[in-house]
Amino acid sequence: MSEIARLIVQLAVIVLAARVFGSIFHRIRQPQVIGEMFAGIVLGPSLLGLVAPSIMASLFPLTSLKYLNALSQIGLVLFMFLVGLGVNPRELRKHGHAAVLVSHVSITAPFALAVCLALFVYPRFSDSSVSFASFALFLGAAMSITAFPVLARILAERKMLYSGLGTVAISCAAVDDVTGWCVLAYIVMVVRAQHGTSRLWLTFGGSLAFVAIMVLAGSRVLRWFLRLYEETGYLSDNMLAGILLLVFASALATEWLGIHLLFGAFLIGVVMPKKRNFVKYLTNKLEFLPSALLLPTFFALTGLRTSITLLRGSVLPCILIIAVAILGKMGGSMLAARLTGMSRRDAAGIGVLMNTRGLMELVILNIGRDINVISPALFSVMVVMALFTTFMTSPLLEWICPTHSALAEAPRIGAKGESSLDTVMLTG
Amino acid sequence: MTLSRRFLIAYLLLVGLPLGALLGVLHFGRNITAPAAVDGVWIFTLNQSDIARSHCAQSTWAKLSMTISQSGPNLVIQLHPILTRVAFGEVRGRALNAATLASAPAIALRCDPNGGYSVSASLDANPTPVTLAGALHLHGCRDCTSINFRAVRTKLARGRL
């Protein structure tokens with residue numbers, strides 16, 4: 001079979017599996033993205049590789065994965081741009097003390113617990129090529145992330161996006177993501193500098209300068225697209241291509257600086273103007289290809305890297321990692337929410353929502369695997385943790401805030417705000 | 001107690017305290033050692049007389065390499081391009097030991113590519129070792145003797161780095 005023919009067959013299988021499992025999970029009231037993530041695991045050595053190793057070997061030979069990897073990286077660049085587009089830093093200010101405390105605790109609590117856990121995990125899953133600090137900080141960042149887009153999808157499906165609970169949760173998730181990505185950028189920077197693939201001062205200084213340029217000057221340039229959109233009600237294909245070029249340029253800049261191309265894509269999304277219709281328009285225009293084809297490819301590649309057989313002998317650490325992840329994220333957020341005066345039910349709801357890790361966790365884990373901060377076995381354990389914590393969100397939320405009561409509460413805040421958060425539905 | 005004072009105390013307790021603990025653990029963790037890093041590709045130089053004694057085709061064995069995938073002390077090893085089976089093992093201190101699961105009975109007279117094998121070797125003293133020396137034992141070959149080897153690491157498993 002020629003390489004292009006094999007690639008098309010691979011993509012067809014991936015899309016089919018993603019759709020089938022997405023539909024199955026949707027039927028059991030889970031976000032479709034969890035089904036797509038699960039489809040990736042099914043196509044990998046954990047299931048297909050065990051049941052039909054020859055089929056897996058002929059369908060996904062090692063030499064063919066570079067094409068899938070290239071496609072999935074392009075998909076992730078677009079995805080991170082759309083995630084950044086959905087993040088509105090101003091949202092947090094609207095919710096005062098509660099959102100500030102909950103968001104900060106939902107980062108520091110799991111982060112600190114993960115770093116403590118690293119004392120136990122580091123000698124069992126890492127090696128001398130990775131320093132304890134890099135390993136522990138990575139584990140902290142991976143445990144403290146919240147899947148902003150999956151959270152938005154869950155809240156939208158339950159008509160809770162504009163409820164008090166929903167707006168606080170979504171604001172906190174946005175802060176978590178921005179913080180998590182900043183920490184991750186630092187870790188990637190340090191690890192690459194340690195291995196001599198980039199110079200730390202150049203990466204650090206260059207990254208700060210790049211962020212400053214993007215926030216101060218870049219946002220002004222990007223407003224031009226908003227003005228064009230407001231004048232005509234649409235953006236021509238040339239304008240959309242221009243936005244794509246800027247996204248790729250920003251991604252390339254951060255890759256060249258020695259962090260990672262996804263940071264550039266995320267950053268340009270964050271500094272994009274946040275007018276609701278504009279964000280919605282861009283999302284509609286740009287989300288189909290990543291969501292239907294490129295992200296399922298990323299899930300399949302993640303599944304090919306995940307081997308449940310590597311968990312053999314690691315069941316106890318796996319349970320411990322899942323327990324610490326839940327305790328830190330859910331427990332920390334719940335406690336903070338309660339201390340700010342929220343009711344027990346709302347505090348529990350916040351804790352459950354913040355514990356959603358989903359796709360963002362997989363993105364972070366793949367970066368960690370690429371730079372070799374985490375080993376194949378720890379990667380597999382963390383993927384299981386990501387799936388488990390995301391899967392538990394919907395049933396727990398239904399138990400804490402049944403749909404009928406959530407619907408009754410929805411108009412409390414009202415849908416009149418200029419929030420752009422409801423537009424990030426990419427991974428639903 | 002006013003809301004802002006309660007907020008401040010809660011903030012210090014729930015944000016300041018974990019941050020302080022985090023710094024402490026990072027400092028303490030510097031003393032923890034992890035197993036020697038051996039992942040990557042190792043190129044073998046085999047003892048020629050051992051190969052001759054083992055009835056193995058010398059030309060194919062000349063390019064033997066070992067790919068190690070490491071998770072802590074646990075290793076997954078593949079020997080290219082001859083032996084098809086995967087070996088599992090561990091690294092303890094400077095010693096590396098690995099073997100294929102459930103070795104086939106030793107019935108073949110020559111080196112069998114599908115046969116079981118084990119590797120035992122010692123690493124050099126570098127924090128990230130670059131050479132190792134040891135012996136390869138072919139389980140599926142009745143008349144084969146152990147093949148001594150030296151190996152040099154050519155590539156770290158650094159992914160995209």
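**View 1. The buried residues of helix H9 in chain A.** Tucked away in H9(A) are A:Phe148, A:Pro149, A:Val150, A:Leu151, A:Ala152, A:Ile154 and A:Leu155, which are its buried residues. Keep in mind that this is a predicted model. The helix spans residues 148-157, and because seven of its ten residues are buried, the rest of the structure largely encloses it.

**View 2. Where chain A meets chain B.** On one side, chain A puts 41 residues into the contact, and on the other, chain B puts in 37 residues. Together the two chains bury about 3200 Å² between them. Carbon and sulfur atoms account for 67% of that area.

**View 3. Polar links across the interface.** How many salt bridges does the rule find between chain A and chain B? The count is zero. Polar contacts do turn up, though: seven residue pairs across the interface of chain A and chain B, with both residues at pLDDT 80 or more.

View 4. Four helices of chain A give two or more residues to the side that touches chain B: H7 (96-125), H8 (132-144), H16 (315-339) and H19 (376-391). H7(A) supplies the largest share, with 15 residues. Sorted by type, the residues on this side of chain A come out as 22 nonpolar, 13 polar and six charged.

Definitions and conventions
Residues numbered from 1 in each chain as written. Chains lettered and ligands numbered in written order. Predicted model: local features only at pLDDT ≥ 70, side-chain atom pairs only at ≥ 80, totals over all residues. Heavy atoms only, no water. Contact = heavy atoms within 4.5 Å. Buried area = accessible area lost by both parts, 1.4 Å probe. Salt bridge = Lys/Arg side-chain N within 4 Å of Asp/Glu carboxyl O. Polar contact = N/O pair within 3.5 Å; in protein donor to acceptor, adjacent residues only side chain to side chain. Nonpolar A, V, L, I, M, F, W, Y, C, P; charged D, E, K, R; others polar. Buried < 20%, exposed > 50% of the residue type's maximum accessible area, 1.4 Å probe, protein only.
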